[in-house]
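Student: I have a structure open and want to learn how to read its features. Can we go through them one by one?

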Amino acid sequence: MSKSILLFFLACLGLNAQNTINKENIEKAMVRAMEWQEAHPIFALAPTDWTNGAYYVGVTRAHQTTKNPIFLAALKTAGYRNEWKPLYRTYHADDVAISYAYLYANSTRKNLVDLGPTKAFLDTHLYEPNKWKDGTDPNKEKKILWWWCDALFMAPPVITEYAKQTGEQKYLDAMHKYYMETYNLLYDKEEHLFARDTRYQWGVNEKDLKEPNGKKIFWARGNGWVLGGLALVLTDLPEDYKHRDFYVNLYKEMAARIKEIQHEDGLWRTSLLSPESWNHGEVSASGFYTFALAWGVNNGLLNKAEYGPAVKKAWNALIACQHENGMVGWVQDIGADPQPATADSWQNYGTGAFLLAGSELLKMD
C-alpha cells in the first residue's frame, strides 16, 4: 500500500471513529470547495459541458440549502457567461445537464434567465429523430437515446424541473419513456445496480467482461449518477404523477444495495463488487451516494435509524478528502469504468458531488 493511500485510510478512520457531524463546519467546507473550484476552472469540451453541468448542480443545491449568496453569484456568473445555452449536441443527454443550474437561477428571480435555448434543446432531444433514438448508429452500444447509465443524471432532472416550471406534463411522459428504455436495457435486477452500458452486460456479448474476482463490473460513479439523479428527479416529480412509484421503488432498491456495499471507512470503491481492484475510496461516486442517501432520510423515504449513521460516516470520510486549500481530492478522472484515484486527483464534478452531499447533511437532524 502506498504512503498516500495509507494516510488516506488513517485520516478516514480517525474521523469516522465517531458517528457525528459538525454542521458549523459543513458550510465552511462547501464554500472553500466552491471557491477553489471557481479559481481552477476545468471542463472536457466547453464551459457548458456535462462536467460543469454536474458541478453547478452541486452549486445549485448548495445555494438552495444555505441561501449563501456566494453560491448564487457563481451560478449567475456562469449563466451570463454561457448566454444561458446548453452545449451543441442536441442528441446527447450530457449537453443539457448545465440547464439544471439555469432553471434554478430562473426560479430565484422572474425573467432573469433566457430559457429559450433550454426549451429548444429539449424539444429537439425528446421529439425529433436522431441516430441513437432510431437505433441507426453503426456503434452497436448506441441503440437507444440514453444508452449509458450516466445519462440518467444528465437529462431527467433538467426535464422534471423544466416540466415543473412550465406545467407541461408532456415532458415528463417523454422523460419516462426514455428512462424506461435505459432501465430495461442496463438495470441488473439481481444486483440492483446499473451496467454502465451494454459492454458491461452479461450474457449478451461474445465475451462477458469480468473483474479479476470473477464478478460483474459495476462502476461506482456510474451508479452514483443514477442514484443521485433519482433524488433530483423525485424532488421535482409531482406526487400524483402516474409513474412516480416506479422511481420511488427504484430509488429504495438501489439505496439499500449501495448502503450494503459501503466500506468501513465510509467511502465506496470505484468497482463496487471488486473493491480489492482499487482498494481506496473514490469521492465523486461517494459524494453522489452520500447526497442521495441523505436526501432519502430527509424526505422520509429511508429509515433514519438505519441510514443516518451510514450517511454521517460517509460525510466525515468525504471531509477527510478535502485539502486545506479547499480542493476535493480522490476523484476518479473522466471515464466509463472503474479506475484508481489519488489524493491529488480532482475534477469539477467531484466538487459538485461534494457540494451535493453537504447540502443534504446540513438538513439532517
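Tutor: Start with contact, which means heavy atoms within 4.5 Å. This is a predicted model, where local features need pLDDT of at least 70, side-chain atom pairs count only at pLDDT 80 or more, and totals for chains, interfaces and linings use all residues. Residues are numbered from 1 along each chain as its sequence is written, and side-chain values use heavy atoms, with hydrogens and water left out.

Student: Which residues is W146 in contact with, leaving aside its neighbours within four places in sequence?

Tutor: Among them are A93, H125, L126, A151, M175, Y178, Y179 and T182.

Student: How do I read a nonpolar core?

Tutor: In soluble globular proteins, nonpolar side chains tend to be buried together. A nonpolar core is a set of buried Ala, Val, Leu, Ile, Met, Phe, Trp, Tyr and Cys residues joined through side-chain atoms within 4.5 Å. Buried means under 20% relative accessible area, exposed over 50%, and partly exposed in between (1.4 Å probe, protein chains only). Here the largest such core has 124 residues, and W146, Y179, F194 and Y251 touch the most other members. Helix α12 (residues 283-298) gives the most to this core: ten residues. Helices are DSSP runs (H or I, at least four residues), numbered from the N terminus.

Student: How many disulfides are there?

Tutor: A disulfide is a covalent bond between the sulfur atoms of two cysteines. The test is a pair of cysteine sulfur atoms within 2.5 Å. The count here is zero. C149 is buried at 1% relative accessible area, and C321 is buried at 2%.

Student: What about helix packing?

Tutor: Axes are lines fitted to C-alpha atoms, for helices over the stretch in contact, and angles run from 0 to 180 degrees between N-to-C directions. Take α8 (residues 156-166) and α9 (residues 170-186): their axes are 9 Å apart, at an angle of about 160 degrees. That makes the two helices roughly antiparallel (over 145 degrees). Residues P156, I159, T160, Y162 and A163 of α8 meet Y171, L172, M175 and Y179 of α9.

Student: Which residues have a positive phi without being glycine?

Tutor: Most residues other than glycine have a negative phi. E83 has a positive phi of about 55 degrees, and sits in the loop between α4 (69-81) and α5 (99-108). N111 has a phi near 65 degrees. N111 lies in the loop between α5 and α6 (116-127) and counts as exposed, at 68% relative accessibility.

Conventions:
Angles under 35 degrees count as roughly parallel, over 145 as roughly antiparallel, 65 to 115 as roughly perpendicular and the rest as oblique.
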